[in-house]
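Reader: I'm new to this one and would like to learn how to read it. Could you walk me through it, feature by feature?

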Amino acid sequence: MSEETKPLNFIEHIIEEDLANGLPKEKLRFRFPPEPNGYLHIGHTKAIGISFGLGEKYNAPVNLRFDDTNPAKEEQEYVDAIKRDITWLGYQWENELYSSDYFQKLYDWAAQMIKDGKAYVDSQSSEAIREQKGTPREVGTNSPFRNRTIEENLDLFQGMKDGKFEAGEHVLRAKIDMEDPNMLMRDPLMYRVMYAHHHRTGDDWCIYPMYDWTHGESDYIEQISHSLCSLEFKPHRKLYNWFREHVYDYAKEELPMPPKQREFARLNLSYTIMSKRKLLRLVEEGKVTGWNDPRMPTISGLRRRGYTPNSIRQFIDKVGVAKRENVIDVSLLEFCVREDLNKSANRVMAVLEPLKVVITNYPEGKEEWLEAENNPEDDNAGSRKVPFSREIYIEKEDFKEEAGNKFFRLKLGGEVRLKNAYIIQANNVVKDSDGNITEVHCTYSTDTEKRVKGTLHWVSVPHAIKAEVREYDRLFIDESPDSHKDKDFMAFVNPNSLKIRTGYLEPSLAEAKVGEQFQFQRLGYFNVDNDSKSGALVFNKTVGLRDSWAKQKPKNQNDVVTERSRSAKQPQQKRKAISVIQQFGKKYTNLPEEKQQKVKAEIQSLAKDVPYEDLEALFGTAVKKAGTRIAVMIALKEQLKNGLQRNENIDAFITKAKDDKNELLVDEANGI
RNA sequence: UGGCCCAUGGUGUAACUGGCUAACACAUCGGUUUUUGGUACCGAAGAGUCUAGGUUCGAAACCUAGUGGGCCAACCA
């Protein structure tokens, strides 16, 4: 019921308004209309979330309708994949429908349009038709076939359907206006001849209807109340309405609801691309292993990577719906999975970059099975046993011979807690001939009540099981890879987006099943990849834990991620004096008087650091921003006092200020 | 020498449709708790709402002009 307090997005406002204007709630009906020509990606999830979300909110049916009017590109495989993905996301459609189900009805209506003089058969080449269309800036010209008789049109259209013509010989066009500023209205094509096998209608048809004609009328046939799509279809709305109005005349008795199309901005995610065609290139050129590669922004890729349906739905919810172009930061998506997995994923221990620790005062051959909590966030998660022995692995980066006191992990002479086990102290190290540390010798203490700052994860060497662990980095090194006009997006592919290593895992993981998700303690969330075979597990890193330590430590040269995120985080840094003055100015008029005096003094001292040009740039500040003008005036006065020469601009600024409504400003101006 | 759409902290969305100090989330920074440098909790910084005019007692919202960005010329959807 928290929805009641949640503000509505613009589409919900429209629906509420329609409801308020008398649209019965039972008439609400939505649809998600994919073309089965590729896999769904995270961008589609927004459209899915909007329409299905509305269905849930208003308890209205939502159809899944495949817009399958181009047999050259569409396949059953994609239909199956789309259904699988939507179901996985947890949505239920009312009816599974296909535009191809309406081919006969659309044909009949088209014939009716011909009879009404609203459509005609054109017999020109596609090039000729394109030329006559004009450009966005120049109007088009009429086809020489535009004024064929109704009989001739009917006859030709029938012939098209009957397979009497070659592909490309004739098309059916709506007769609208070749001079309309909206190019879609310049006699758009309704049908083309196409001898292709359709995944559902087989070879029944050799003419296929175009998108604009089919899509809108499919909505109408299904009595969709609100037909929601992305922004690039905005210009289509005029045509959508034109077709709808004509067909409405033919069918208003059986089909009383004329649907309305509304458009929202599609989702863009930073560091990735959202175009089926471009994603296909990644697949074809071998940059990824397939549509479901865990680095892909496809739903199947995200699923394999370990993203949960709930996390994706949360993400879509948080992203919101509006009409402006946007690029969502991937960190929001990552936040959503962490939030979800934090509650559900059992904690286990795994070491990915092992360093051997020998506990010298622990008896050789001894082992203990210690109790470990599965999930502190879930009281019902229970516990398991983990084996402890004389030799364990810890993470290489958890040990340093020497380190400052901000390093909470293990160092020589220092103590650290082993998660679920004892406290150890590092005494000395063993090195190889190159000086690399190969072992750390420690002693342990059973006093686990002791307060120590750091806690490490670890795995018993003799009990550890090995597994392949795949870690992923973003697929592109550029925040917006396909927005560069001069560079192909492929130039930004991150060569290091996959890192494979061998992990050492606690033995309880031997039973892990494909798809199962875990938190590798202190590292991140991982799931079992479907490449796993019995005895040869493969894990995907879904996302790392938040790591406030990584932010502090100096950057590590081979860590692409931290380097990049570092450089990406530059906006909030040292501020110029002038911007601080502006800042003060904004608040100035709202401050109590004694605070004003303080701020004034601050501005005066800052004025010394401001180049005059910066100040002058603010002389044109809008009249209503009195505070800013006051601050500028104070700074200016200070500079004049320090020898700045008056000039025309300064005089004009002061003169104008003296006439201002704001008394504070007038006072300052007069004080000069 | 076109038409349409858009413009609010670094990012994404709000603002009861013209009315309190412009709100929320992510990101950032700081603190408390903690057997995960996680989680949780508390706090901070960051926006006079693209610019300039106008309407109004009052504008992020309405009007005008400008600036910037996006979309539109497939027998694709």
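Author: Happy to. Keep in mind that this is a predicted model. Let's start with one residue: just after helix α2, Asn59 takes a positive phi of about 55 degrees.

Reader: Let's look at that helix, then. What should α2 span, at 1.5 Å a residue?

Author: The expected span is 1.5 Å times one less than the number of residues. Helix α2 covers residues 42-58, which is 17 residues, so it should span 24 Å. The C-alpha atoms at its ends are 24 Å apart, which agrees.

Reader: Next, salt bridges. How many does the structure hold?

Author: The general idea is that side chains of opposite charge can pair when their charged atoms come close. This structure holds 44 salt bridges. One of them joins Lys83 and Glu96, with the closest N and O atoms 3.1 Å apart. That pair links distant parts of the chain, 13 residues apart: Lys83 sits in helix α3 (residues 76-89) and Glu96 in strand β3 (residues 96-98).

Reader: Are Lys83 and Glu96 buried, exposed or partly exposed?

Author: Lys83 counts as partly exposed because its relative accessibility is 23%. Glu96, at 31%, counts as partly exposed too.

Reader: Which residue meets Asp122 in a salt bridge?

Author: Arg173 does, with 2.8 Å from N to O. Arg173 belongs to strand β5 (residues 171-174) and Asp122 to strand β4 (residues 119-122), so the pair ties together parts that are 51 residues apart in sequence. As for burial, Arg173 has 0% relative accessibility and counts as buried. Asp122 is buried as well, with a relative accessible area of 0%.

Reader: What about a pair in loops?

Author: Arg390 is in the loop between β14 (383-389) and β15 (391-395), while Glu364 is in the loop between β12 (354-359) and β13 (367-373), 26 residues apart. Glu364 counts as exposed, at 67% relative accessibility. Salt bridges can also share partners: Arg31, Arg65, Asp67, Asp219 and Glu222 are joined into one network that way.

Reader: Which element supplies the largest share of it?

Author: That's α12, with 4 residues. Elements that supply at least two residues each include α5 (126-133), β6 (189-193), α11 (309-319) and α15 (577-588).

Reader: And what part of the RNA does the protein meet?

Author: Take the atoms of RNA strand B within 4 Å of the protein: 62% belong to sugar or phosphate, and the rest to bases. Single contacts show each kind. An N or O atom in the side chain of Arg347 is 2.4 Å from a base oxygen. For Ser548, the side-chain N or O atom is 2.9 Å from a phosphate oxygen. Asn342 has a side-chain N or O atom 3.1 Å from a sugar or linking oxygen.

Technical notes:
Residues numbered from 1 in each chain as written. Chains lettered and ligands numbered in written order. Predicted model: local features only at pLDDT ≥ 70, side-chain atom pairs only at ≥ 80, totals over all residues. Heavy atoms only, no water. Near = heavy atom within 4 Å. Polar contact = N/O pair within 3.5 Å; in protein donor to acceptor, adjacent residues only side chain to side chain. Salt bridge = Lys/Arg side-chain N within 4 Å of Asp/Glu carboxyl O. Buried < 20%, exposed > 50% of the residue type's maximum accessible area, 1.4 Å probe, protein only.
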